[in-house]
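Here is a short tour to read with the model open beside you. Please have your viewer ready.

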Amino acid sequence: MIQILIVEDEPRIAAFTAKGLKAAGYPTRVESSGIAAVSLALSGEFDLIILDIGLPDIDGFEVLKRIRSHRMSLPVIILTARSTVPDIVAGLEGGADDYMAKPFSFQELLARVRLRLRSDAPSESATVLRHRDISLDLHTHHVTVAGRHVELSAREFTLMEAFMRQAGEALSREQLLSAAWGYDFDPGSNVVDVYVRYLRHKLGAERLETVRNIGYRLV
Ligand code: CA
């Protein structure tokens with residue numbers, strides 16, 4: 001079930017937003033403290049955050065920064081009275097997906113929430129990829145190998161996701177390049193080899209086998 005976290009310290013606005021979202025079929029939780037909001041966000045129980053900037057403890061920008069430092073891809077919509085250009089830029093550069101200035105129209109907020117959930121929410125069943133003792137959470141970007149947490153960069157994660165989706169199969173460098181770098185790559189580049197080296201270092205060298213004249217295979 002989709003659950004939305006509303007981070008807002010003004011009870012009237014929080015209640016208004018929660019009531020509207022509930023009526024639209026989205027269960028919510030309201031939190032007024034920025035620090036508590038960060039732990040809630042990292043719990044993995046929420047699918048989207050509506051984030052106020054002016055909060056009693058740490059501000060919304062700091063909340064966003066802490067969430068993104070864990071490489072969480074959770075959609076965040078900033079909702080604030082501070083509608084000046086520098087704030088909007090700071091919010092978007094800090095990793096917010098969208099920005100709305102108060103006073104806001106609830107219908108507009110709802111439209112933006114639906115848009116974010118459609119484009120970002122992975123389907124429930126495909127949230128965690130598993131192969132042997134490796135698990136990759138596509139939602140929280142949490143990776144574990146043999147029960148141990150492993151920190152991967154965004155690019156390493158995407159490359160690992162490509163291996164996990166075709167575990168046991170030999171993947172060519174071209175396939176891996178297009179999976180992790182999209183069309184934005186030079187086909188002659190050795191970037192795949194470099195990143196496979198990083199992954200071997202982090203996951204254990206024996207897990208990614210070299211397939212001669214082709215590329216690599218997740219054992
Ligand atoms: Ca506030």
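Predicted model: local features only at pLDDT ≥ 70, side-chain atom pairs only at ≥ 80, totals over all residues.

## Charges and ground rules

Residues are numbered from 1 along each chain as its sequence is written, and side-chain values use heavy atoms, with hydrogens and water left out.

## Overall build

The protein has eight helices and 12 strands; these are DSSP runs numbered from the N terminus, helices (H or I) having at least four residues and strands (E) at least two. Its C-alpha trace spans about 65 × 35 × 30 Å along the principal axes. Of the 219 residues, 46% are buried, where buried means under 20% relative accessible area, exposed means over 50%, and partly exposed is in between (1.4 Å probe, protein chains only).

About 11,200 Å² of the protein is accessible surface, and carbon and sulfur atoms account for 52% of that. These areas come from the Shrake-Rupley method with a 1.4 Å probe, and for residues only the protein chains shown count as cover.

## Two domains

An automatic or database domain assignment sets the bounds used here: domain 1 covers 4-117 and domain 2 covers 124-218. Their C-alpha centres lie 32 Å apart. Where they meet, eight residues of domain 1 are in contact with eight residues of domain 2, contact meaning heavy atoms within 4.5 Å. Across the protein, 58% of the contacts between residues at least 6 apart in sequence join residues at least 24 apart.

## The calcium site

Which residues coordinate the calcium ion? The donors are Asp9 (OD), Asp52 (OD) and Gly54 (O), at 2.1 to 2.4 Å. Donors are N, O and S atoms within 2.8 Å of the metal (3.2 Å for Na, K and Ca), and water is not among the atoms, so sites may look incomplete.

In sequence, the spacing of these donor residues reads D-x42-D-x1-G. Asp52 has a relative accessible area of 3%, so it counts as buried. Gly54 is partly exposed, at 32% relative accessibility.

## Loops worth a look

Two residues other than glycine have a positive phi. Ala146, with phi of about 50 degrees, sits in the loop between strand E8 (143-145) and strand E9 (148-150). Its relative accessibility is 54%, so Ala146 is exposed. Asn213 has a phi near 65 degrees and lies in the loop between strand E11 (208-211) and strand E12 (215-218). With a relative accessible area of 76%, Asn213 is exposed.

Ser73 is found in the loop between helix H3 (60-69) and strand E4 (76-80) and is partly exposed at 34% relative accessibility. Leaving aside residues up to four places away in sequence, Ser73 touches Arg68, Leu138, His139 and His141. Its C-alpha atom is 19 Å from that of Arg29, 44 residues away along the chain. Glu206, in the loop between helix H8 (191-203) and E11, is exposed at 55% relative accessibility. Glu206 and His139 are 67 residues apart in sequence, with 27 Å between their C-alpha atoms.
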